[in-house]
Amino acid sequence: MIRAVLDANIYISACLRPQGPPGKILRLLLESQAFHLVGSAPIFDEVRRGLHYPRVRRYHSLSPEEIDRWVIALALIAESTEGRLRLRAVERDPDDDKYLVAALEGCAGYLVSGDSDLLELHEYRGVRMITAQAFLRILRKQEHSHRFAMAVCSIVVKIKVISYSLTLAYVYFPPWLVPYVPNIPAPSTMSPIVVMLDKTWLRLIKTAH
C-alpha cells in the first residue's frame, strides 16, 4: 500500500476547502483507506497551531475543542513516528526537515506538500515530494485498479487497548496527546471533513470497548 506523509498545509487546506484536492485526499483515506498515513507529534502540533492562526481562523468556525478533537483523530489514524533521525535537507527552512524525518522513519514513499521549499527537492532518499493534485491522480489511478474494503481494521487494532471509559483511555494515549484529549461533545458547525473525522473518532472509541 502507498505510504505518505502530509504537510500541515495539506491538512489545513482540507479543513478550509473540503472540495479541493487536499480534502479529496483525506476523503479517500477515510472512506476507502486508499493509502497508509504516516505522521509525527511535531507535524500534528503544527496542524493544531496553524488552525489557531488569526489569518486561518477567519476561514473556519471551529472551536479550540473541535480543533483538538480533529488533531487527535488524525493522530490516531496515522502511524506515528518517533522523530529521532537527525538530518539537514531543507536549507531554506530547516523546520520542514520534520516531514522528511517522518517519511524516512515511517518508510513513506511520498511527502505531499504545497511548500515550494520541499517541492523543489523533488526527491530525497527515495521519498518523492509531490503536490496534492499529483498525489490525488496517483490515488485515483490506484483506485481504478484495486478495490479497497471500507474498513478501519488497522485503526481498531492500534487502539484496541483503549477502554470505552475516557478516564482509562487517558492512560493509553501517547504522552504528547494527553493534554489535547477533550471531552467528546456533539459536533456543531463543522466542515464535512471535520465532521467525518469527528464521527471516525467517536466510532473508534465505541469500537474499542
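Trainee: Which residues does Leu-37 touch, leaving out those up to four places away in sequence?

Mentor: Leu-37 touches Ala-4, Leu-6, Tyr-11, Leu-29, Leu-74, Ile-77, Ala-78 and Glu-79 on that basis, where contact means heavy atoms within 4.5 Å. This is a predicted model, in which local features need pLDDT of at least 70 and side-chain atom pairs count only at pLDDT 80 or more, while totals for chains, interfaces and linings use all residues. Residues are numbered from 1 along each chain as its sequence is written, and side-chain values use heavy atoms, with hydrogens and water left out.

Trainee: Where does Leu-37 lie, and is Leu-37 buried or exposed?

Mentor: Leu-37 lies in strand S2, residues 36–40; strands (E, at least two residues) and helices (H or I, at least four) are DSSP runs numbered from the N terminus. Leu-37 is buried, with a relative accessible area of 2%. Buried means under 20% relative accessible area, exposed over 50%, and partly exposed in between, with a 1.4 Å probe and protein chains only.

Trainee: How many residues apart in sequence are Leu-37 and Leu-74?

Mentor: They are 37 residues apart in sequence and 9.1 Å apart in space, C-alpha to C-alpha.

Trainee: Leu-74 is in H5, I see. At what angle do H3 and H5 pack?

Mentor: Helix H3 (residues 41–52) and helix H5 (residues 64–77) pack at about 155°, with their axes 10 Å apart. Axes are lines fitted to C-alpha atoms, for helices over the stretch in contact, and angles run from 0 to 180 degrees between N-to-C directions. The two helices are therefore roughly antiparallel, the term for angles over 145 degrees.

Trainee: Which residues of H3 and H5 meet?

Mentor: Phe-44, Val-47, Arg-48, Leu-51 and His-52 in H3 meet Pro-64, Ile-67, Asp-68, Trp-70, Val-71, Leu-74 and Ala-75 in H5. These divide into nine nonpolar, one polar and two charged. Ala, Val, Leu, Ile, Met, Phe, Trp, Tyr, Cys and Pro count as nonpolar, Asp, Glu, Lys and Arg as charged, and the others, Gly among them, as polar.

Trainee: Changing topic, how many residues of H6 are buried?

Mentor: Seven of the nine residues in H6 (residues 97–105) are buried, among them Asp-97, Lys-98 and Tyr-99. H6 is followed by Cys-107, whose phi is positive, near 55°.

Trainee: What does Phe-135 touch, with the sequence neighbours up to four places away not counted?

Mentor: Phe-135 touches Ile-2, Ala-4, Ile-25, Phe-35, Tyr-110, Val-112 and Ile-130.

Trainee: And the protein overall, how many helices and strands?

Mentor: There are eleven helices and six strands, and buried residues make up 51% of the 209 residues.

Methods:
Parallel < 35°, antiparallel > 145°, perpendicular 65-115°, else oblique.
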